[in-house]
Amino acid sequence: MSRVYNFSAGPAALPTEVLEQAQAEMLEWNGSGMSVMEMSHRGKDYMSIAAKAEADLRQLMTIPDNYKVLFLQGGASSQFAMVPINLLNGKKSADYILTGQWSKKAVAEAKRYCDVNLVADTTDSKFTTVPDAASLKFDPDAAYVHYTPNETIAGVEFPYIPDTGDVPLVADMSSTILSRHIDVSKFGVIYAGAQKNIGPAGLTIVIIREDLIGTADPAMPVMLDYKTHADNDSMYNTPPTYSWYMAGLVFARGLKLGGMNAIEKVNQRKAEKLYKAIDDSVFYSNPVATNCRSRMNVPFILANADLDSAFIEQAAANGLVTLKGHRSVGGMRASIYNAMPEEGVDALIAFMQEFERGNA
Ligand code: PMP
């Protein structure tokens, strides 16, 4: 068996030691006589798995006590609707910062429920910039402000947290959660699909300030009401039990690695060396403004697009896979989430340099 370095944007690589532990526990978890997948979500064993996962995530992210952590399904895409359904609370409009394809989708969904006020829109830069913090003028009467701290497709990441005053800040952290330390208390709602830095697909994490729970539009399905899930410890219905368990293994590993500051340091180093390799060459380029380059998703374009397929083929032959860029950007994209070891980034850089020497 040989595991490749998988640069997929998501579902993404999982830490090998997490997969090994899951493998060791596959047939029987901790003397229970069964796999985690076969357990009742209401049984003692599973409840302990679920509670530990939440406790470890709380410790890892230093989540304050007045926030609930919800383990849901439906992906980040469902949150595009659940956010307005729950947070409008009688208000007519919400502020959105549009910096890429994912915030665009969030905007389109919100428009089904309210007026959307675009506080900033970086479409004209082809999503290679973020707005200056000082240029953001929020509506004090908006129900909330929504933004996407890391845009997975163009590889654009906010270097700051917008200051929205008393208006709750909502963040789609799908592709940046657990990559760096963040001050959770600055946010009203944080949500993320699990399939990048958390665990397998099928689980969606929502971290929500308690005072924002309980104001959902009563005409909406109970499954879309945060209160339903908060009141039932995310077990109103059957949760994605196995993904939750796997996420727990990832959180425990994060703590073992030394927590968010240690993880962030490695991520910073990985991103810096990859961007340096790109910037030092005339063969590769990254179109994103240097102040907002993503630490997680690194797109790079070959000067000669005719070489794209050779690059992808030869990279794969060297054990470096899923590097093809998103069709809207072209070129390559290396997603270097927490599970990508630094040696994987080193191997990619070495391959890029070798490919350049052979084709420049
Ligand atoms: N937001 C961002 C930033 C994403 O990267 C993605 C998925 N790649 C989504 C939302 C959609 O997530 P899901 O597939 O979990 O609905």
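Modeller: Buried means under 20% relative accessible area, exposed over 50%, and partly exposed in between, with a 1.4 Å probe and protein chains only. This is a predicted model, where local features need pLDDT of at least 70, side-chain atom pairs count only at pLDDT 80 or more, and totals for chains, interfaces and linings use all residues. Residues are numbered from 1 along each chain as its sequence is written, and side-chain values use heavy atoms, with hydrogens and water left out.

Colleague: Why is Lys137 called exposed?

Modeller: Its relative accessible area is 61%, and exposed means over 50%. Lys137 is therefore exposed. Lys137 sits in the loop between strand E4 (115–121) and strand E5 (145–147); helices (H or I, at least four residues) and strands (E, at least two) are DSSP runs, numbered from the N terminus.

Colleague: How do you know that the length of helix H7 agrees with its number of residues?

Modeller: The expected span is 1.5 Å times one less than the number of residues. Helix H7 (residues 259–279) has 21 residues and should span 30 Å; its end C-alpha atoms are 30 Å apart, which agrees.

Colleague: What makes you say that the buried residues of H7 line one face?

Modeller: Buried residues of H7 include Met260, Ile263, Leu274 and Ile278. Seen down the axis, the buried residues of H7 fall within an arc of 165°, so they line one face of the helix; the arc is that of the directions from the helix axis to the C-beta atoms. On the other side of H7, Asn261, Lys265, Glu272 and Lys276 are exposed.

Colleague: What makes a set of residues a nonpolar core?

Modeller: The members are buried Ala, Val, Leu, Ile, Met, Phe, Trp, Tyr and Cys residues joined through side-chain atoms within 4.5 Å. The largest such core has 87 residues, and Ile207 is among those with the most contacts inside it. Helix H6 (residues 241–256) gives the most to this core, with 8 residues.

Colleague: Which atoms of Ser77 and Gln195 lie by the ligand?

Modeller: A polar side-chain atom of Ser77 lies 2.6 Å from an oxygen atom of the ligand, and a polar side-chain atom of Gln195 lies 3.0 Å from an oxygen atom of the ligand.

Methods
A polar contact is a pair of N or O atoms within 3.5 Å; within protein, one must be able to donate a hydrogen and the other to accept it, and residues adjacent in sequence count only if both atoms are side-chain atoms.
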